[in-house]
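Subject: Structure handover

Dear colleague,

Here is the structure for you to look through. My notes on what was found in it follow below.

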Amino acid sequence: MASQPPTTTSSGYNTPDSELESIVPVHPTAARRPNYLTVQSENTAYTDEHILAKYYNRGADVVVADGQFTVTPTVQPFEFQTTRKVGKTGLMMIGIGGNNGSTLCATILANKHQISWHTKEGVQQPNYIGSVLRASTVRIGSEPGTGKEVHIPISDVLPMVHPNDLVLGGWDISGTPMDQAMKRSRVLDYDLQRQVAPHMALMGRPLPSIYYPDFIAANQEARADNVIPGNDKQAHLEHIRADIRRFKAENGLDRIVVFWTANTERYSDIIPGVNDTADNLLASIKSSHSEVSPSTVFAVAAILEGEPFVNGAPQNTFVPGVIALAEREKSFIGGDDLKSGQTKLKSVLAEFLVNAGIKPLSIASYNHLGNNDGHNLSAEPQFKSKEISKSSVVDDMVDANRLLYKAPAPGAKGKAAKGEHPDHIVVIKYVPAVGDSKRAIDEYYSEIFCGGRQTINIFNECEDSLLATPLILDLTILTELLTRIKYRAVSETATDFAPLYPVLSLLSYMCKAPLVKPGTDVVNSLGRQRNALESFLKACIGLEGNSDLLLETRIW
């Protein structure tokens with residue numbers, strides 16, 4: 001049967017799966033496995049519309065008095081309701097014509113059309129390697145009798161949108177057509193670009209975006225040829241909201257995830273009366289206040305349209321007024337900054353050292369890269385945003401071990417409020433010659449037994465956009481899933497199911513500076529973030545969280 005022709009709209013692009021354009025089979029990370037998992041338990045029930053699951057949240061209350069710890073175990077029952085049908089989902093990216101945006105579009109199209117390509121290493125197969133949801137597994141139990149552990153892809157624990165089904169669109173300050181934007185980024189192999197270019201060309205030009213020169217580096221001005229005119233931020237907000245509504249209607253979408261993958265902005269000043277509350281922020285947009293950033297305008301537009309917004313860059317898009325507005329509108333937000341390489345490794349190694357009873361004294365990180373992200377970050381205000389995002393990654397590990405690090409003095413403020421802490425230095429330099437191939441160098445200098453010292457040096461070379469792009473997929477897929485999950489506490493007084501809290505802290509595994517519920521601690525430990533994600537997904541099908549006790553292997 002002949003494949004259906006591609007369909008396009010003025011702002012979006014989607015095609016049905018075509019016939020294979022090569023003899024290369026579908027990669028396991030791109031395969032479809034409907035109805036893969038069924039749980040048979042009194043805690044789990046399936047209807048045509050929902051998966052219903054009972055879950056017991058086990059914890060402990062700890063009272064500290066006179067140096068003594070009194071621990072009382074706690075159990076709180078919950079019920080989760082997950083809508084089984086995955087709606088038609090759109091992904092609107094701000095910065096769609098950049099390295100990450102164009103690479104994501106091209107790789108989805110390559111997977112959709114099964115385009116294989118040649119390199120000097122041989123024939124390459126399209127895949128979703130690097131995606132946590134598509135390319136990693138979770139342990140769900142063991143086989144009776146043998147005790148052999150059973151693992152399944154994380155994407156099969158609950159119904160999730162398949163990447164090939166995403167409808168792609170978005171905005172960019174550069175009006176370069178998408179096929180040319182892919183070429184400009186110089187990320188993908190030439191033979192893949194050559195074959196996917198006709199599909200990319202059908203996407204046309206990105207929608208005009210918001211450009212406030214004060215927020216990104218001056219070196220980006222030459223790219224800004226596709227901007228919404230004028231300086232009226234309220235008009236810009238309404239323009240973006242209209243874009244979202246039109247994209248949704250033209251493509252028959254049930255849900256849109258709006259995703260910032262554009263340039264890093266400078267930090268916005270938090271000013272009382274300007275961006276500290278929802279009403280003040282909305283008023284500041286109406287008055288076109290100078291401290292309202294483009295990313296904040298996009299976030300507010302998505303929130304007011306009831307669509308999730310994810311920030312994939314390090315700036316403080318989510319000023320207090322944005323969080324308050326999301327709470328008021330019960331609209332989902334998540335971020336910040338994609339955790340793809342150096343920071344992810346740092347969160348693992350720092351945790352390993354501290355948990356091993358070794359005391360890191362300093363962590364010095366040096367990066368150089370040559371893509372447009374590096375060009376933008378060569379400006380000091382934008383680098384500061386990235387530095388802040390990267391520098392907090394070890395805070396929770398340090399705070400968890402006051403045997404090694406002195407606690408802050410009572411009433412301490414500023415840096416002293418963290419208590420004793422490793423020296424943590426981050427340097428980023430723009431080196432055009434290396435292109436998207438980033439170099440990251442880290443030195444971990446630690447105190448060991450009886451005054452000894454240990455130094456660990458790591459050199460990491462990676463193709464930056466090919467690590468970051470799968471995380472956009474993960475964040476989009478997981479965000480869409482979380483919009484279909486509701487919960488309620490089990491009590492004598494029955495209550496209706498309610499949506500999750502608007503700040504999606506379950507996205508933390510993919511983010512350098514995880515956004516969490518105000519007043520709660522940030523968890524940067526990669527192991528804890530991963531365990532939280534796995535445990536939540538399993539809770540939604542009535543399974544207990546991970547246990548590495550493996551008691552059956554330790555008794556007769």
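Strand β14 (residues 309-311) runs parallel to β13, and 3 bridges join the two. Helices (H or I, at least four residues) and strands (E, at least two) are DSSP runs, numbered from the N terminus, and two strands pair if DSSP finds at least two bridges between them. Across from tryptophan 260 stands asparagine 311 in β14. Tryptophan 260, in β13, also stands opposite isoleucine 94. β13 pairs with strand β6 (residues 89-94) as well, in the parallel sense, over 6 bridges. Of the 6 residues of β13 (residues 255-260), 5 are buried, so this strand is largely enclosed by the rest of the structure. Buried means under 20% relative accessible area, exposed over 50%, and partly exposed in between (1.4 Å probe, protein chains only).

Before you go further: this is a predicted model, in which local features need pLDDT of at least 70, side-chain atom pairs count only at pLDDT 80 or more, and totals for chains, interfaces and linings use all residues. Residues are numbered from 1 along each chain as its sequence is written, and side-chain values use heavy atoms, with hydrogens and water left out.

β16 (residues 359-369) pairs with β17 in the parallel sense over 8 bridges, and isoleucine 363 has histidine 424 in β17 as its bridge partner. The loop between β17 and β18 (437-447) holds proline 432, which is partly exposed at 45% relative accessibility.

Another open sheet is antiparallel and has 5 strands in the order β3-β4-β5-β20-β21. β3 (44-46) and β21 (498-499) are at its edges with a single partner strand each, so one side of each has no neighbour in the sheet. Within it, β5 and β20 (residues 485-489) pair in the antiparallel sense over 5 bridges; the bridge partner of phenylalanine 80 is tyrosine 487 in β20.

The largest pocket

The largest pocket has a volume of about 1300 Å³. On a 1 Å grid over the protein atoms alone, a pocket is an open set of points where a 1.4 Å probe fits, with protein on both sides within 12 Å along at least five of seven lines; lining residues have an atom within 4 Å of a point. Its lining counts 29 residues, of which Asn57, Ser505, Leu506, Ala532 and Phe536 lie nearest the centre. β4 (50-65), β5 (68-83) and α14 (526-539) are the elements that give two or more residues to the lining, and α14 has the largest share, 7 residues.

Cysteines

How many disulfides does the structure hold? The number is 0, a disulfide being a pair of cysteine sulfur atoms within 2.5 Å. For cysteine 511, the nearest cysteine sulfur is that of cysteine 462, 17 Å away. Cysteine 511 is buried, at 1% relative accessible area. For cysteine 540, the nearest cysteine sulfur is that of cysteine 511, 19 Å away; cysteine 540 is buried too, at 0%.

Regards

Notes: Grid points are joined across faces, edges and corners, and a volume is the space filled by probe spheres set on the points.
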